Amino acid sequence: MSDHYPSALAYLLASRQREIASLRSLLQSGRLTTEVSQLIHEIQRERGASNLWICSAGQLFSDELLQCGCRVTRSQKAVMALLPVLPEDGQDGPASSRLYSRIATALQALGELNTLRQQVRALQLTHAVVMEQFNHIIRQLLNLVFEMVDTASDPGVSRV
């Protein structure tokens, strides 16, 4: 073989480096999935407290509602810290376009939380509307989780 071509060992080394990078990506995706799952759990708690607040005409769960909002905010910050870095113009990013799209949709839904909270506090919405709006946010976060699992380098491992 000519010296102008990489050796089999060079390709084996490149393969191992890609495998390590893929496993690191899977680990990061797992961390993000865990944090998004925690965020969903906290939003579900806020949804419940909001419904009790509305159904009681603002008589019950005032303190719990405030605490739930604080926990959601903390959890949301943890998720934001783990989101993949955006690629610079013209460069490939660490995630697929579908994953970036799911992240954008989830962030847009989360952006609606403050307005929803204000409307809940002011008793401006019915419990059915509140449920639907919280469910919409949760649904977008679940879609993000499913997309992360589907785009993982080893979907079989990540599904487990």
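Helices here are DSSP runs of at least four residues, numbered from the N terminus. The model is predicted.

**Figure 1. The helices of the chain.** The chain has six helices and zero strands. Read from the N terminus, its elements follow the order α-α-α-α-α-α. The chain holds 160 residues, and buried residues account for 31% of them.

Figure 2. Searching the whole structure turns up one cavity of 30 Å³ or more. The space in the largest cavity is about 40 Å³. Which residues line it? They are Val 79, Leu 83, Ile 103, Ala 106, Leu 107, Leu 110, Leu 141 and Leu 144. Two elements give two or more residues each to this lining: α3 (97–110) and α5 (127–150). The largest share comes from α3, with four residues. Sorted by class, the lining has eight nonpolar residues, no polar ones and no charged ones.

**Figure 3. A charge over a ring.** Look at Arg 121 and Trp 53. Arg 121 lies over the face of Trp 53. The distance to the ring centre is 5.0 Å. Aromatic pairs are another matter: the structure holds zero of them.

**Figure 4. Cysteines without a disulfide.** How many disulfides does the rule count? The count is zero. Take Cys 70, which is in no disulfide. Its nearest cysteine sulfur belongs to Cys 68, 9.4 Å away. Is Cys 70 buried or partly exposed? Cys 70 is partly exposed, because its relative accessible area is 40%, and that class runs between 20% and 50%. Cys 55 has a relative accessible area of 55%. The cut-off for exposed is over 50%, so Cys 55 counts as exposed.

**Figure 5. Gly 111 in a loop.** Where does Gly 111 lie? Gly 111 sits in the loop between α3 and α4 (113–121). Gly 111 has 54% relative accessibility, so it counts as exposed. Now find Ile 137. Gly 111 and Ile 137 are 26 residues apart along the chain.

Methods
Residues are numbered from 1 along each chain as its sequence is written. This is a predicted model: local features need pLDDT of at least 70, side-chain atom pairs count only at pLDDT 80 or more; totals for chains, interfaces and linings use all residues. Side-chain values use heavy atoms; hydrogens and water are left out. On a 1 Å grid over the protein atoms alone, a cavity is a set of points where a 1.4 Å probe fits but cannot get out, and a pocket is an open set with protein on both sides within 12 Å along at least five of seven lines; lining residues have an atom within 4 Å of a point. Grid points are joined across faces, edges and corners, and a volume is the space filled by probe spheres set on the points. Ala, Val, Leu, Ile, Met, Phe, Trp, Tyr, Cys and Pro count as nonpolar, Asp, Glu, Lys and Arg as charged, and the others, Gly among them, as polar. Rings of Phe, Tyr and Trp (its six-membered ring) pair if their centres lie within 6.5 Å; planes under 30 degrees apart count as stacked, over 60 as edge-to-face and the rest as tilted. A charge sits over a ring if NZ of Lys or CZ of Arg is within 6 Å of the ring centre and within 35 degrees of the ring normal. A disulfide is a pair of cysteine sulfur atoms within 2.5 Å. Buried means under 20% relative accessible area, exposed over 50%, partly exposed in between (1.4 Å probe, protein chains only).
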